Amino acid sequence: MISLGKLMRWLPALLIGAGLWQLGSGTWVLLKAELAQYLISDSWQRQLVSGEVHKPWPWADTWPVAQLQLGDEKPLVVLQGISGQALAFGPGLYETSGLPGSSTAQTTTVIAAHRDTHFRGLRSLRPNMPIQLQGRDGRWRSFRVLGAQVADSRSGTLPAFAQAGDVPDLILVTCYPFDALDAGGPLRYLVYAESAPDTATDHIVEL
Amino acid sequence: MNRPFFHAPRIQRDLLILPTEEYYRRRYRKNRTGSWLLLLVTAIAVLFAALGAKAQELEIEGSAERGAEFESVGINDTGSGDLLFQTGEQGRYIPAIHLGTEVDIKVRGLVAEVTLQQQFSNTSNDWQEAVYVLPLPENAAVNGMEIMVGERRIVGEVRERQQAQKIYKEAREAGKRAALLEQQRPNLFTSRVANIAPGEKIAVEIRYLQNLRFDSGQFSLRLPSTLTPRYMPGVPVVAEQQVSLNPHGWSLPTDQVPDADQISPVMMPMNELAEQGSHQMKIHIDLGMGLPLADIYSPYHEIDFRSESDHRYNIRLKQDSVPMDRDFALYWRPQASAMPAAAMFAEQSATDSSQYLQLLLLPPQGDAHSRKLPREVVYVVDTSGSMGGNSIRQAKESLLLALSRLDGMDRFNVIEFNSDYYTLYPRPLAATPENIQRARDWVESLDARGGTEMAPALKEALSQQLSDEPGELVRQVIFITDGAVGNENALFELIRQRLGEVRLFTVGIGSAPNSFFMTKAAQYGRGSFVQIGDLNEVQSKMAALFTKLESPLVTDLQVQWPQGIKVEGYPRRLPDLYRGEPVQLVARFDGNALGHSGAGEVRISGRLAGKRFIRNLSLSQLTVDISGKGIGSLWAREKIAALRDEQRERGQSTDQDVEDPLRQQILHLALEHQLASPYTSFVAVEQTPVRPVSEPLKSSPVPNAVAHGQVQQPFTYPATANGIYGQWLLATLLLALGGLLRKWRGAVERNLRRWLRGVLPDLRGRNVPRQERVQ
């Protein structure tokens, strides 16, 4: 039997320890997400210059594929894949969806990220707000937010493979509700955006 | 103020017991602590209530589709979701083309002749091209394709792959009805039909032949109807690729799977397809082997069968049609008295004087429970995302069963892999009860997620058993997977190079496993394979595998063809056989020798448990089928497979300019026998154009159904929350609680003691020493 006195002496220490651990791990996730973006954006720049796939660190199991700017926020480097490992460091591109400028151009681009790190800003997007996406070719493409939808991940899948013309060009996915305490909720927040002609090309068309 | 004034009766001061300072201090402190505790308890209760309420709320909102509240939250738009989809219900993809399949199977001798008719009906208002990824059995010899428009039939022809593509493309642009069938993998084809008018239905009929499987006295036949999405290892190839005909695949070509976009179709849940009335399959089987059967059953479907004269059986599905979301399998067992020990069928070639022979021979079986040799077994289990759902349960169950089968003399290890691999022990350990128990606990905790990086795991499994100890340790690797990978060739090569003394057995898991991978990996691994499609099957199938693992095998198999006749038989080298497996051969004889008195005999010899055996089969009494075309096709198919193996061993030349002599051989053979192959495709074109040039043609993928019991892979939602807020809140609470407890430790302890004293019976009187120890 543990003596009550001893328990009382250790319990506060234990609780504080557990509290610090929780605090630390939560903060670490956030820190990792922010710091990794610096490293990744570096490898993205190198990749743009060299044209070859650069892994942000040698043992990484993902690599940057695009850069994404929501509204006028700081650009985020998008990683390949939506595995937990990739999403910890940045928004992830669905393996099966296409990027504008790649050979399978007619497919929708689908990008997912954590609602409490990189896609915190998703809730503040409003229709007609601009989204910029830089592909591997270095060109920035403009998108315009169409709207948002809350979907239940248990019933149905991403509306990404509809016939051409019926789906938006870009879908951003994150968890919903934004301030939920637990991580495993079934709801997802989808932002749809359509390709907006660049202002430069607009000009040419008008001329 | 006319309130009455009461005076307390005066009490003499010395009669009074007034509270001391200590009393006030205690009372004060108790109250403070109590209120703090109350606050904490309330806070925690509120937190839990909030969490619970939220969970409940989510459930409610989840079940009710798009709750009104959610529309208004977030972006202040007006029901934007509906505007986005003209197809009606949001988030639902409605396929433009519906698919129906009718299968007619005729079993004669050791061959199944399958006619697969697929109707593509265009439900849209546009002219359509349908693109469908067609799964077929891994040993199918595809020898016919026709388009059927109403009553008209347009017969397809075999052409060199590029040429067939060109013909098809031109016909498509010209508005002619056309169909193209290309082989991507031995068990995966792409079927395209161009220029289906709005509302029209066009059927494509594909004919193939298939060897029956015979194992442990049981014949079987498997017909896949969908596939498990393959994992494509490697880095996407960015360089400009030769743009294929019509990229409907979702995976980008990678450096390890250059045709990834060709073999990764759109997948849709079966229930959504069924709502559209699409993806239904009808099956009819005419089973006429000429043997009285004891037992016919299908493990995944309900069937009805009727026995007809001459030991023929007519088999149908109990329901009219079934969803195309799992393999169809049929097993039948001849009556014990009619169990064949050998079977031979011969057929005359239609074009020249050659004859084809198909042979099945059951070697002596020996004693089932002979001496069990100590084994060293490495179990490799696939825990990738494609195994999610029922598959991982089947895999775990199989593995647990396998672990329970080990005994003290054996050594074992377990490896799990997805994007990475993890070994339970660094090296195989003795199968002591403790080690097995630890393995069981570990296996129970496995989860399916991530990619399927099979190569590193295979390498590790094959290099685990490097121990130099001589002796009679039988080395085995048991590989439990659904084979959902796109880089099969690289894996076969790896097995071939690193196998050494090991034997590799595959256990195929799931409703639509990659049978090509299972059989070929087992062939290269000099092992055997079983397929488990249902949790109920685990016990019986694994038991069959254990019998094979633990029984002596038939080795040194040699076949001696009669002298003086030119014979080309396949497989070239007979594999070692496990218990219950037969010798299966197809051969081509030159010069009309079969069935005549001078044909001589074929001699098959081998060794079982140290004893040599010889079987002679006379070829002179054979009846040669004049009209058949089956065995010839199968022979050509076997030869192509052998040539492909050779090609794989040499390493495929990536240089397109250098002519590969093996490629020429395969091409020639496929054209001669009118077979689909890696280098030949079927193409059918109607001569008159039907689509006016002014009308555009849309190209639509026909989805494949997500296999039964599987979690849909590519387009499921990821987990997109870390739960940082929850963690922080928990941290704050814990810290606050800890800090308070620290500060008020004495008081809390005292109170707790007092409370415990009230609640617990007082033991002090009876058990003084113990109480002292407590204090």
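Analyst: Happy to! Of the 775 residues in chain B, 42% are buried, where buried means that 20 or more other C-beta atoms, placed from the backbone, lie within 10 Å of the residue's own. This is a predicted model, in which local features need pLDDT of at least 70 and side-chain atom pairs count only at pLDDT 80 or more, while totals for chains, interfaces and linings use all residues. Residues are numbered from 1 along each chain as its sequence is written, with chains lettered from A and ligands numbered from 1 in the order in which they are written.

Chain B holds 17 helices and 36 strands; these are DSSP runs numbered from the N terminus, with helices (H or I) of at least four residues and strands (E) of at least two.

Now to the sheet. Three strands of chain B form an open sheet in the order β28-β31-β32, with antiparallel pairing; two strands pair if DSSP finds at least two bridges between them. In general, strands of a sheet pair through backbone hydrogen bonds, either parallel or antiparallel. At the edges of this sheet are β28 (554-560) and β32 (611-618) of chain B, each pairing on one side only. From one strand to the next, the twist averages 15°, an angle between N-to-C directions on a scale from 0 to 180 degrees, with axes as lines fitted to C-alpha atoms.

Definitions and conventions. A residue is buried if 20 or more other C-beta atoms lie within 10 Å of its own, exposed if 12 or fewer, and partly exposed in between; C-beta atoms are placed from the backbone.
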